Amino acid sequence: LDEVRRRVCEEEILEIFLWRNVFFRLDEMEGPAVPHLAFNIDHLVMEAARRQDEWQNVIDASDWHHAIYCAAEDAESGVELSELPPVWRIVLDQVDGIRGGREIVVATGLSRYLVAMAMHGLLEQGLVVRQGMAQLIEVGDRQGSAGHLEAANRLLLSALGYDRGNI
């Protein structure tokens, strides 16, 4: 259990390194009692630097946080789903053509980094595809008609951002 707590705390600390334009103010107030967990700071800093480099490449390549993906219909990549890393399988289970990366983060409780890396890997393997503008509009209209206004809004905004140059 301590190992799980330590890993969760590490992921949360590593997530902070991906934030941009953040300011901190530290107060010397006594906080809640937290169990003592030991961390290797050198490891965390090196891992954070590695993740920042990967993060930028993933963001540039997949636009995972704005795009909406669906499972590829003709996923003949030769990849056996049972051979995928566990995090990839969790993310793939959430890919439904309606939710984006941010919603998958919330639904799974995984960090943005882990979801982005999984989504990027799934995209490279041909297991997911990015929804096109027409698909986003069609699904957004269906979601709106069904009363799912939040999902409809997200899909239609994604469609709007899909090809701003041609609007």
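Is Ser-158 buried or exposed? Ser-158 is buried, with a relative accessible area of 10%. That value comes from a predicted model, as do the others below.

Start in helix H7, where Ser-158 is found. Set aside its neighbours within four places in sequence. Ser-158 is then in contact with His-66, Ala-67, Ile-68 and Leu-136.

Stay in H7, which covers residues 149–162, and move to Arg-154. Its relative accessibility is 17%. The cut-off for buried is under 20%, so Arg-154 counts as buried. Arg-154 also has a polar partner. A polar atom of its side chain lies 3.3 Å from the backbone oxygen of Ile-98. Beyond its neighbours within four places in sequence, Arg-154 is in contact with Ile-68, Ile-98, Arg-99, Gly-100 and Glu-103.

Now turn to helix H3, residues 86–94. Four of its residues are buried: Trp-88, Val-91, Leu-92 and Gln-94. They cover an arc of only 155° around the axis, so they sit on the same side of H3. The general rule behind such a pattern is simple. An α-helix has 3.6 residues a turn, so residues three or four places apart point the same way. What does the buried side of H3 pack against? Its buried residues meet helix H4 (101–108), helix H5 (112–124) and strand S2 (128–130). On the face turned away from the buried side, H3 carries the exposed residues Pro-86 and Asp-93.

Next comes the loop between strand S1 (69–71) and H3, where Leu-84 lies. Leu-84 is buried, with a relative accessible area of 5%. Not counting residues up to four places away in sequence, Leu-84 touches Val-79, Arg-89, Leu-92, Leu-122 and Leu-127. One of these, Leu-92, is among the buried residues of H3. Leu-84 can also be compared with Gly-121. The two are 37 residues apart in sequence. In space, their C-alpha atoms are 9.7 Å apart.

Finish at the surface. Leu-1, Val-4 and Val-8 make a nonpolar patch of about 310 Å² there. Val-4 lies in helix H1, residues 2–16. How exposed is Val-4, in relative accessible area? The figure is 51%, and Val-4 is exposed. The cut-off for exposed is over 50%.

Key:
Residues are numbered from 1 along each chain as its sequence is written. This is a predicted model: local features need pLDDT of at least 70, side-chain atom pairs count only at pLDDT 80 or more; totals for chains, interfaces and linings use all residues. Side-chain values use heavy atoms; hydrogens and water are left out. Buried means under 20% relative accessible area, exposed over 50%, partly exposed in between (1.4 Å probe, protein chains only). Helices (H or I, at least four residues) and strands (E, at least two) are DSSP runs, numbered from the N terminus. The arc is that of the directions from the helix axis to the C-beta atoms. Contact means heavy atoms within 4.5 Å. Patches are made of residues with over 30% relative accessible area and no salt bridge: like charges are joined within 9 Å, nonpolar side chains (Val, Leu, Ile, Met, Phe, Trp, Tyr) within 5 Å. Accessible areas come from the Shrake-Rupley method with a 1.4 Å probe; for residues, only the protein chains shown count as cover. A salt bridge is a side-chain nitrogen of Lys or Arg within 4 Å of a carboxyl oxygen of Asp or Glu. A polar contact is a pair of N or O atoms within 3.5 Å; within protein, one must be able to donate a hydrogen and the other to accept it, and residues adjacent in sequence count only if both atoms are side-chain atoms.
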